[in-house]
Amino acid sequence: MSDKSPLLEFNDVHVEVEGKEVVKGVSLKIYPGETHAIMGPNGSGKSSLSNALMGHPLYTITKGEAFIKGESILKMKADERSRAGLFLAFQYPLAVPGVSVANFLRAALKSHRGEEADMSDYRGLLKKEMAALSIDPSFATRYLNDGFSGGEKKRIEILQMSILNPAMALLDETDSGLDIDALKTVSEGINRYQDETKGLLLVTHYQRLLNYVKPQHVHVMAAGKFVKSGGPELALKLEDEGYDWIVNNSAVGA
Amino acid sequence: MKQNPEYLINEMSPQLHRGPDWLKAMRRSNRLGFNESKLPPRGIHLWRYTDPRKFMLAVDQARDSDFAGECDTVASTETEHVKKGRLAAFVTDLGGRDINVLVSPKGLPNGVTICSLSDASEKHFDLIREHLYQLINRKTGKFEAMNGALWNDGIFIHVPDNQIIEKPIHLLREAGRENSAAFPRLVVIVGRNSEITLIDEYGGGSPDRSNGISFSNGAVEIFGAEDSRTRYVSLQRYAPAMNSYFTHRAKLKQNASMLTIPLVFGGELCKQSFGVELAGEGASSKMYGLLFGTGRQHFDNHTLHHHSAGKTNSDIDFKVVLKDRALSAYTGLIRIDNKARTCEAYQENRNLLLNKGTRAETIPELEILNEDVSCSHGATLGSIDEESIFYLNARGIDKSTAVRMIVGGFVQSTLKLVPDDLKERLSEFVATRLEAI
Ligand SMILES: Nc1ncnc2c1ncn2[C@@H]1O[C@H](COP(=O)(O)OP(=O)(O)OP(=O)(O)O)[C@@H](O)[C@H]1O
Ligand SMILES: [Mg+2]
């Protein structure tokens, strides 16, 4: 894998939100074809890291470097990062009243392609991807996330990923809020997306997602740092034993 | 035209001498109502934000004036739409001087009348006497009296019982250019179990302040009989140097329903009042307004829902988008009489301020005289939330497109209620106002 260059790379990244440092120097490289998972206790900085990488105005990277396909993203605005190939499925997707799912995605696709998608091609693509994720066709004309249930929002995030087909996707707790059947459908969607050209970073609390979407690398984040990395077996151990054994044995103070 | 704060309506004004004796007497009485009343004091709530002197005239009558080009454009498309049957009728009202009615080749349902008020005062005198000045007259206010005296000609629509007009009727009221004054007037009577959709469009006026401003003072009276269904859309798209004053009043009998959509875009200074009295059990009124202000436009809108009968319900959602240094004041009054039990009344005013320097005021007023009601009101005021913009950015959409989409979303729920015939033009109005973002 080292003959390829990483899709996402960040070195010693520190993130500040509301004047508080919540990510305290993390580094990672994700190569094409790789799936990584970040696990860790509530409040350890997983979402802050994801948001900062995506370019959220509240989360500033105060130190360190980050690259998409070798290109530094620190000076890029969020929309430029998206067009450069980064995608973030949000832990708490916002509602956009008055903007339908179909129109929203059409605008997103237009900004990625630099031109309006042909209407019938687009309709076909949307219909196909919605069917693949078992999303009822009526959602196309509903306002984005407006009144959607928690699980419906997560499915729509994955629909957006499938349509935009980014090189590098960060999925922040896409599994939480999903019922058992939905978890399976959504995981299948993620697996359809993933191939040897794509990178995937999953933030999750549960092994159950990792039963479907298999990571090669698992990282544990606690108090703003990666305190342990390992293979898929690490996730299984966490499921059984919790975080205490790592957090207590590491040098990181909470 | 420079306004004269001491302006009085001259006895010799030609409008005062139009129509049958009864009408002349009404006009004279309205003239006295205007001349004998003082300018409303600024301290009174409804005049806190707007100077009443701005609606006074310098001269007695509208000077003959050209009409703007947009009038012709709208007229030619709408004439086509009538021919194709997309509209039931298209009526043009040029400064109250010339009322022209074009009816769809399919014709109108039996007994439906669309004509000028002057024709109606001859052919339908009893209906005119029973309805004209019933809801808007010298007692309503000084400027209502002004229209009551000075309207020249207006539009009359009567739908007898049990008639459904499926396609909209479009009224285009064109005010003259600089230094002109228009006094549009409309009376609509919707019979029992009948249905009508009206698009009442106001355009024209002075395009440029340096040549002089223009003035308009309009009045609309609508009567909904038992079980009638009325949709009334008012579109105000006056030219930039127009001062306009407008009063709308409707009265609903048992089980009548009404949807009122005020769409407010134009002019320099615009004060409007939309009011519906729910006077019969089971009556229901909804008002969904949309205002978009840019530049230094000044808007002052009132809504009034007066529940005078029990088991009535009303709902208002008045949306405002402001850009540059535009100002909007909104006063929403809900009045529920003591005898009007078991009513529901809701009111909401949402203001989206696109930049600093805009100003929105919202004043809810409740006069609820019994306990057996369910009522709520709310107002929001704010800029577009950064989180929402970020969400769109994260999908590759740049900031200005994101803002346009979010504002488009904000106004969407109102636009989707507008008749198809108007939808496209409205989206354009909104889009042009968002272009500069
Ligand atoms: N917008 C914000 N304003 C203030 N504090 C914030 C904000 N966002 C995050 N924080 C703080 O930063 C820390 C890290 O939060 P973050 O959401 O990144 O954790 P997380 O690892 O994603 O947790 P969870 O597993 O619960 O989703 C927390 O202490 C949180 O309170
Ligand atoms: Mg989180």
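Predicted model: local features only at pLDDT ≥ 70, side-chain atom pairs only at ≥ 80, totals over all residues.
About 1200 Å² is buried between domain 1 of chain B and domain 2 of chain B, and carbon and sulfur atoms give 70% of that area.

**Within chain B**

On the side of domain 1 of chain B, the residues that lose the most area to domain 2 of chain B are Ile261(B), Leu263(B) and Phe265(B), which together account for 39% of what that side buries. The domain assignment places domain 1 of chain B at 14-279 and domain 2 of chain B at 387-437, with 30 Å between their centres, taken over C-alpha atoms. To the contact, domain 1 of chain B brings 18 residues and domain 2 of chain B brings eleven residues.

Two salt bridges are found across this interface of domain 1 of chain B and domain 2 of chain B, and a salt bridge joins the side chains of Arg86(B) and Asp421(B) at 3.5 Å, N to O. Between the two domains of chain B, three residue pairs are in polar contact. On the side of domain 1 of chain B that touches domain 2 of chain B, two or more residues come from each of α2 (69-83), β8 (195-204), β10 (229-236) and β12 (257-264) of chain B, and α2(B) gives the most, with four residues. Sorted by class, that side of domain 1 of chain B has nine nonpolar, three polar and six charged residues.

**Between chain A and chain B**

The contact between the chains involves 32 residues of chain A and 19 residues of chain B, and the two chains bury about 1800 Å² between them, with 66% of it on carbon and sulfur atoms. In chain A, the residues losing the most area to chain B are Asp79(A), Leu94(A) and Phe104(A), together 25% of what that side buries.

One salt bridge is counted between chain A and chain B, and the side chains of Glu157(A) and Arg395(B) meet in a salt bridge at 2.7 Å, N to O. Across the same interface of chain A and chain B there are 13 residue pairs in polar contact. The elements of chain A that each supply at least two residues to the side touching chain B are listed below.

| Element of chain A | Residue range |
|---|---|
| α1(A) | residues 46-54 |
| α2(A) | residues 78-83 |
| β6(A) | residues 86-89 |
| α3(A) | residues 101-113 |
| α5(A) | residues 150-164 |

The largest share of this side of chain A, six residues, comes from α3(A), and by class the side of chain A that touches chain B has 19 nonpolar, ten polar and three charged residues.

Notes
Residues numbered from 1 in each chain as written. Chains lettered and ligands numbered in written order. Heavy atoms only, no water. Domains from an automatic or database assignment. Contact = heavy atoms within 4.5 Å. Buried area = accessible area lost by both parts, 1.4 Å probe. Salt bridge = Lys/Arg side-chain N within 4 Å of Asp/Glu carboxyl O. Polar contact = N/O pair within 3.5 Å; in protein donor to acceptor, adjacent residues only side chain to side chain. Nonpolar A, V, L, I, M, F, W, Y, C, P; charged D, E, K, R; others polar.
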